[in-house]
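Work through these exercises with the structure open beside you. Try each task before you read its solution.

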Amino acid sequence: MEWVVKVGGSLFPDDAISLAQELVGEDVLIICGGGEMANSIRQYHEKLDFSATTSHKTAILCMDILGILLADKVKGAVHVRSLEEAKKVLDEGQLPVLIPSLLLKYLDTLEHSWRVTSDSISLYISHLLDAKLLISTDVDGIYTHRPSLDGAQFIKEISAKKLLNFGETSLDESFAELLLKYKTSAYVVNGKHPERVMAILEGRSSINTFIGGD
């Protein structure tokens with residue numbers, strides 16, 4: 001498949017459903033973020049100090065839950081538990097939504113910490129598939145600092161090396177490290193505007209941030 005599209009948990013439910021509906025028929029695998037469910041796991045972890053592996057695995061289960069719910073609301077979408085099943089669903093003209101916990105049970109080489117979230121997991125899976133990666137979230141892309149603060153400037157393109165020392169962004173902390181490790185790239189785009197996502201998939205210009213991994 002050509003693309004992995006991570007649908008941020010911040011888009012769920014309405015914007016995630018609208019975006020997924022547009023992606024039916026495209027050469028795309030969807031991976032959902034864990035959204036507020038995963039944020040609750042993080043809060044529990046901070047309060048009760050669960051083990052890193054337990055928090056990592058339960059946050060991934062939150063991705064499973066939102067993926068199953070999303071596929072249920074989108075005609076033509078099917079939740080799948082393996083990359084082989086995803087390819088079969090694509091061949092049938094449907095949209096696969098990956099439920100990643102089973103795959104990651106056997107192929108998880110990522111760090112078990114809150115530095116790794118659905119962003120890095122989506123990047124890892126796109127690497128396994130040799131597919132391009134698009135991260136859809138609730139902001140337009142990467143900014144010089146948090147967009148809600150005064151003076152934040154939008155960045156159209158940035159290298160993974162520069163992103164390493166960038167501090168807090170809309171992506172998790174390990175994302176830039178993995179981009180460099182895999183020598184790949186990614187797009188970050190506002191999923192509340194499905195037309196921007198479609199423009200990137202079709203090779204047209206769009207409002208987004210491109211992150212180069214070289």
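**Exercise 1.** What span should the 12 residues of helix H6 (residues 118-129) have, at 1.5 Å a residue?

*Solution.* This is a predicted model, so work from its C-alpha atoms. Step 1: the expected span is 1.5 Å times one less than the number of residues. Step 2: for H6 that gives 16 Å. Step 3: the end C-alpha atoms of H6 are 16 Å apart, which agrees.

**Exercise 2.** Is H6 mostly covered or mostly uncovered?

*Solution.* Step 1: apply the cut-off, under 20% relative accessible area for buried. Step 2: 10 of the 12 residues of H6 are buried. Among them are Ser118, Asp119, Ile121 and Leu129. Step 3: H6 is therefore mostly covered.

**Exercise 3.** Which residues are closest to the centre of the largest pocket?

*Solution.* Step 1: find the largest pocket, with a volume of about 1100 Å³. Step 2: of its 44 lining residues, the closest to the centre are Asp119, Thr169, Ser170, Leu171 and Asp172. Step 3: sort the lining by class, into 17 nonpolar, 17 polar and 10 charged residues. Step 4: name some elements that each supply at least two lining residues, including H6 and helix H3 (52-73).

**Exercise 4.** Is Asn190 buried or exposed?

*Solution.* Step 1: locate Asn190 in strand E9 (residues 186-190). Step 2: its relative accessible area is 6%. Step 3: buried means under 20%, so Asn190 is buried. Step 4: beyond neighbours within four places in sequence, Asn190 contacts Thr137, Asp138, Val139, Asp140 and Arg196.

Terms used: Residues are numbered from 1 along each chain as its sequence is written. This is a predicted model: local features need pLDDT of at least 70, side-chain atom pairs count only at pLDDT 80 or more; totals for chains, interfaces and linings use all residues. Side-chain values use heavy atoms; hydrogens and water are left out. Helices (H or I, at least four residues) and strands (E, at least two) are DSSP runs, numbered from the N terminus. Buried means under 20% relative accessible area, exposed over 50%, partly exposed in between (1.4 Å probe, protein chains only). Contact means heavy atoms within 4.5 Å. On a 1 Å grid over the protein atoms alone, a cavity is a set of points where a 1.4 Å probe fits but cannot get out, and a pocket is an open set with protein on both sides within 12 Å along at least five of seven lines; lining residues have an atom within 4 Å of a point. Grid points are joined across faces, edges and corners, and a volume is the space filled by probe spheres set on the points. Ala, Val, Leu, Ile, Met, Phe, Trp, Tyr, Cys and Pro count as nonpolar, Asp, Glu, Lys and Arg as charged, and the others, Gly among them, as polar.
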